[in-house]
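Thanks for making time for this. I would like to walk you through one model, so please have a look at it before I start talking.

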Amino acid sequence: METHESALIKVFLVGILVNIWMMRGLSATDTLSTESMPPQPRKACNESRLQWEVEVCGDAFKRDMAHLDPQYWCNLTHFISEYHLFTLCTETKSHIVHCYWPNPLVESYIIRIHKHFFSNCTMEQVVWVDPPDDTLTILILIPVFLTMAMIALVVWCSKRSDILA
Ligand SMILES: *[C@@H]1O[C@H](CO)[C@@H](O)[C@H](O)[C@H]1NC(C)=O
Ligand SMILES: *[C@@H]1O[C@H](CO)[C@@H](O)[C@H](O)[C@H]1NC(C)=O
Ligand SMILES: *[C@@H]1O[C@H](CO)[C@@H](O)[C@H](O)[C@H]1NC(C)=O
């Protein structure tokens, strides 16, 4: 059961990582396709403000996790919605302070959060015991899909406003 649980956590984390990598790919192709266009009038990313905002997201997540019995900290079922809110929060805040999302600052903060809460969940060797059941796969894919759809929308809108401008 323990290994099963830890494998699920890994599936979840891999899902997040794949999500982040796909976003990277997306912004890379976006940059390529707009190469011939004049540089976008985009406000500079305020990193000190982003740092502060991301910590606000993290504090909310820590509060949520504190309400949860630590014995459930490795049980995805118990914290997936809080985790999703947390990633969504970092994304929203990044856009507010004119930073791309994901960005190195957000990523390293997320890694810090993972170390804090999930370090004991991933201690075991990397083994893929059973594939997760369908419900869980859907649970994992929904936030991944939503974020991808939202980024695509943001990219599409910014392209559109560029063309219109
Ligand atoms: C970044 O945000 C901080 C805090 O809100 C502000 O004091 C600073 O002036 C901002 N820097 C830039 C370059 O806008
Ligand atoms: C995780 O929590 C759910 C809901 O409380 C429970 O049904 C499930 O058995 C738990 N999983 C583990 C491995 O403890
Ligand atoms: C992980 O395990 C260590 C040693 O048992 C413990 O001190 C630490 O508080 C645990 N961390 C979490 C996040 O559960």
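How far does helix α4 reach from its first C-alpha to its last, and what span would be expected at 1.5 Å a residue? Before I answer, please bear in mind that this is a predicted model. Helix α4, which covers residues 104–118 and so has 15 residues, reaches 20 Å, close to the 21 Å expected.

Staying with α4, its buried residues are V106, I110, I113 and F118. Seen down the helix axis, these buried residues fall within an arc of 90°, and therefore they line one face of α4. On the other side of the helix we find P104, S108, I111, R112 and K115, which are exposed.

Let me step back to the protein as a whole. Its secondary structure comes to five helices and zero strands, and read along the sequence this gives the pattern α-α-α-α-α. Of the 165 residues in the protein, 18% are buried. If we take the contacts with a separation of 6 or more, 84% of them are accounted for by residues 24 or more positions apart.

Finally, a word on ligand 3. Which residues surround ligand 3? They are P70, W73, F117, S119 and N120, and when this shell is sorted by class, three of its residues are nonpolar and two are polar, while no charged residues are found there.

How values were computed. Residues numbered from 1 in each chain as written. Chains lettered and ligands numbered in written order. Predicted model: local features only at pLDDT ≥ 70, side-chain atom pairs only at ≥ 80, totals over all residues. Near = placed C-beta within 6 Å. Nonpolar A, V, L, I, M, F, W, Y, C, P; charged D, E, K, R; others polar. Helix = DSSP H or I, 4+ residues; strand = E, 2+ residues; numbered from the N terminus. Buried ≥ 20, exposed ≤ 12 C-beta atoms within 10 Å, placed from the backbone. Contact = placed C-beta atoms within 7 Å. Expected span 1.5 Å × (residues − 1). Arc of directions from axis to C-beta.
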